[in-house]
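Subject: Structure handed over, with notes

Hello,

The structure is below, and my notes follow it. Please read them with the model open.

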Amino acid sequence: MEPNIPSASPEPAVTPIWKVAAASFIGTAVEWYDFFLYGTAAALIFNRLFFPSFDPLMGTLAAFATFAVGFIARPLGGIIFGHFGDKLGRKSMLSATLMIMGVATFAIGLLPTYERVGILAPILLVVLRIIQGFGLGGEWGGAVLMAVESAPAHRRGFYGSWPQMGAPAGLLVANAVFSLFSRLPEEQFVAWGWRVPFLFSAVLIGIGVFIRLGVAESPAFRAHQHSRPASKGPPALEALRTYPKQILLAMGARFAENGFFYIVTTFVLTYGTNIGMARSDMLTAVLVATCVHLVAIPCFGALSDTLGRRPVYIGGALGCALLAFPFFRLIDTQQTGLVWLAITLGIIAHAAMYGPQASFFSELFGTRVRYSGASLGYQLASVFAGGLSPLIATALLSGSHGQAWPVSLYMVGLALVTLVSVYLSAETFREQLAEPSPAAPPGEAAADDSRRDVA
């Protein structure tokens with residue numbers, strides 16, 4: 001028996017698309033603030049607080065390992081919240097995931113360090129990181145589907161990019177807040193300054209939940225509820241059975257986007273400080289690039305409404321491959337302008353994939369299992385791409401005695417996986433999200449699904 005999760009406030013019959021998009025953006029930005037804050041802290045401070053017995057590089061490697069753990073938990077969150085999101089609706093899951101992320105992030109700000117409680121400190125850190133990943137794994141699917149399923153057919157790419165904008169917005173706020181407190185005297189920053197950004201999450205969570213409670217369920221899901229009986233089996237299993245190719249291709253499409261992003265925004269902080277750049281200078285460079293990212297994502301999302309999802313996405317993957325070697329050459333100069341240029345170019349290439357991604361992945365699946373299917377493709381890839389990329393990059397850097405070329409080769413490999421996957425995917429920007437009515441002949445129903453499987 002499925003639990004009945006009541007709405008905390010009366011739900012309006014129809015919510016204007018701009019309000020749905022804004023609510024998805026704000027809530028997702030809060031979620032990503034929590035998630036990215038950990039990555040920034042892992043790159044700059046967690047090695048000393050939770051792994052002090054290691055040398056600096058190995059301590060950073062251990063900190064990035066805990067960073068990767070959060071990605072491992074994301075598919076589980078996608079499966080569980082996808083299940084209830086496909087059964088009960090998209091809206092009811094969004095506040096729950098937001099609260100889970102907020103509690104875990106706030107608790108990280110209260111953790112004792114290794115110096116005080118020994119091995120228990122990193123253990124608690126890993127547990128809270130797992131909870132963070134679980135919450136984020138369930139949040140993405142609901143947020144993007146609320147925007148995509150509520151948008152006009154010819155603007156799905158643009159409005160679907162709004163929750164995607166939450167990622168750079170969250171990163172921007174996380175790095176800005178962390179950068180502010182990192183300017184404290186070193187002793188104060190290590191003692192208490194790093195904790196404040198995590199504790200500040202409680203305020204942002206309250207704002208995000210309040211906004212999301214005022215948005216109606218997506219029209220596509222409500223129409224599906226009224227026209228079709230709910231699936232008796234788990235939606236995730238139905239998605240795997242009905243759309244196996246789409247899930248695999250969506251995973252492959254994420255490799256360059258997800259892996260490249262964490263190298264450009266997280267691993268680069270460690271790389272830059274290791275070659276002698278100031279921590280505050282590297283954070284500022286990421287902040288500048290993130291501002292560009294925030295603007296570029298909706299631009300590429302809108303472009304995909306005109307050119308199609310695949311051409312825009314493939315262009316971004318090609319950009320990542322072409323930039324892989326010049327990126328580190330520019331960082332190695334330690335010249336502020338060239339470092340800004342490197343990270344900004346990397347962010348623009350990423351935006352060309354991330355902008356159309358929400359609509360692209362959503363359009364690959366039918367309404368019945370769309371939450372589960374899109375979440376599986378998105379979150380399973382995050383384990384192998386984004387979660388491992390800073391860890392793999394740090395290990396490659398260590399194994400090559402500080403030389404960056406193995407990391408560049410790794411980035412090219414990620415891009416090749418994405419190029420092949422997107423090339424083999426169907427073009428979806430002209431697809432209708434509404435499925436055939438129950439009265440439709442079987443041949444028509446089959447045609448609806450088969451269109452999504454044409455390469």
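Is Q334 buried, partly exposed or exposed? Q334 counts as partly exposed, at 36% relative accessibility; buried means under 20% relative accessible area, exposed over 50%, and partly exposed in between, with a 1.4 Å probe and protein chains only. Q334 is found in the loop between α15 (309-332) and α16 (336-363). Although Q334 is not a glycine, it has a positive phi of about 60°. Most residues other than glycine have a negative phi.

Before the rest, some conventions. This is a predicted model, in which local features need pLDDT of at least 70 and side-chain atom pairs count only at pLDDT 80 or more, while totals for chains, interfaces and linings use all residues. Residues are numbered from 1 along each chain as its sequence is written, and side-chain values use heavy atoms, with hydrogens and water left out.

Overall

The protein has 20 helices and 0 strands; helices (H or I, at least four residues) and strands (E, at least two) are DSSP runs, numbered from the N terminus. Of its 455 residues, 59% count as buried. The accessible surface comes to about 16700 Å², and 71% of that belongs to carbon and sulfur atoms; areas come from the Shrake-Rupley method with a 1.4 Å probe, and for residues only the protein chains shown count as cover. Among contacts (heavy atoms within 4.5 Å) with a separation of 6 or more, 86% are between residues 24 or more positions apart.

Helix α6 has 31 residues and reaches 46 Å from its first C-alpha to its last, close to the 45 Å expected at 1.5 Å a residue; the expected span is 1.5 Å times one less than the number of residues. At E139, α6 bends by about 25°, the angle between axes fitted to the seven residues ending there and the seven starting there. Because 23 of its 31 residues are buried, α6 is largely enclosed by the rest of the structure.

Y114, V117, I119, L120, I123, L124, V127 and I131 make a nonpolar surface patch of about 620 Å². The largest share, 5 residues, comes from α6.

Residue S382

S382 sits in helix α17 (residues 370-384) and is buried, with a relative accessible area of 0%. Beyond its neighbours within four places in sequence, S382 is in contact with F71, R74, R254, N258 and G387.

Regards

Note on methods: Patch = residues over 30% accessible without salt bridge, like charges linked within 9 Å, V, L, I, M, F, W, Y side chains within 5 Å. Salt bridge = Lys/Arg side-chain N within 4 Å of Asp/Glu carboxyl O.
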